[in-house]
Structures are given as structure tokens and as C-alpha cells.
Amino acid sequence: MQDRIEKVVELSAPVARVWRALTNHEEFGSWFRVDLKGPFVVGEISLGVTTYPGYEGMRCEANVVAMEPERLFAFEWCP
């Protein structure tokens, strides 16, 4: 068994728009309430701080594992 979370959601939006919302660090940050310091790059650590009420300022660190345009975005993090 692997430690992973997988979720499938059907959205009424073009794939390109959803891809941008997930992989643009500013849009991702707005959605998940985290201030990321730069764009996602495969093989690099994405750093930021949370802006979620009650958890503001907590360090956020995610290792970007894979990005296949409009198909796959995978990252690892330890909450």
C-alpha cells in the first residue's frame, strides 16, 4: 500500500483552464490558501507559507514530482 491521496472530480471547465488553476503557483495559492514563492518546477521543492485562517504563516513545502501538460500534476508534501 502506498501513502497517497487520489481524487477524481468532474468540472464544467475546459481542461486547459483547470490545468492552469492547478499548476500556476499564484492560482494554486489562491485556491489552497498558500503563498508560494515561485512557479512549480519538476524535481524542485516549492516553498511558501499558508494563509488559511488559523494556520497563517505555517511553512509549506512540496516536492514537484511530475508535470505532463493537461494530464498529470503530482507533488509530495508532509503536512
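Author: Let us begin with Asn63, which stands opposite Glu76 in S4. This is a predicted model, in which local features need pLDDT of at least 70 and side-chain atom pairs pLDDT 80 or more, while totals for chains, interfaces and linings use all residues. Residues are numbered from 1 along each chain as its sequence is written, and side-chain values use heavy atoms, without hydrogens and water.

Reader: How do S3 and S4 pair, and over how many bridges?
Author: S3 and strand S4 (residues 72-77) are antiparallel, with six bridges. Strands are DSSP runs of E of at least two residues, and helices are runs of H or I of at least four, numbered from the N terminus. Pairing requires at least two DSSP bridges.

Reader: Which residue in that hairpin takes a positive phi?
Author: Glu70 does, near 60°; the hairpin has three residues between the strands.

Reader: And what stands opposite Asn63 in S3?
Author: Ile45 does. Strand S2 (residues 45-50) pairs with S3 (residues 59-68) in the antiparallel sense over five bridges.

Reader: Changing topic, is Thr23 buried or exposed?
Author: Thr23 is buried, at 13% relative accessible area; buried means under 20%, exposed over 50%, and partly exposed in between, with a 1.4 Å probe and protein chains only.

Reader: Which residues is Thr23 in contact with, leaving aside neighbours within four places in sequence?
Author: Thr23 is in contact (heavy atoms within 4.5 Å) with Phe40, Met67 and Phe73. Thr23 itself lies in helix H1 (residues 15-23).
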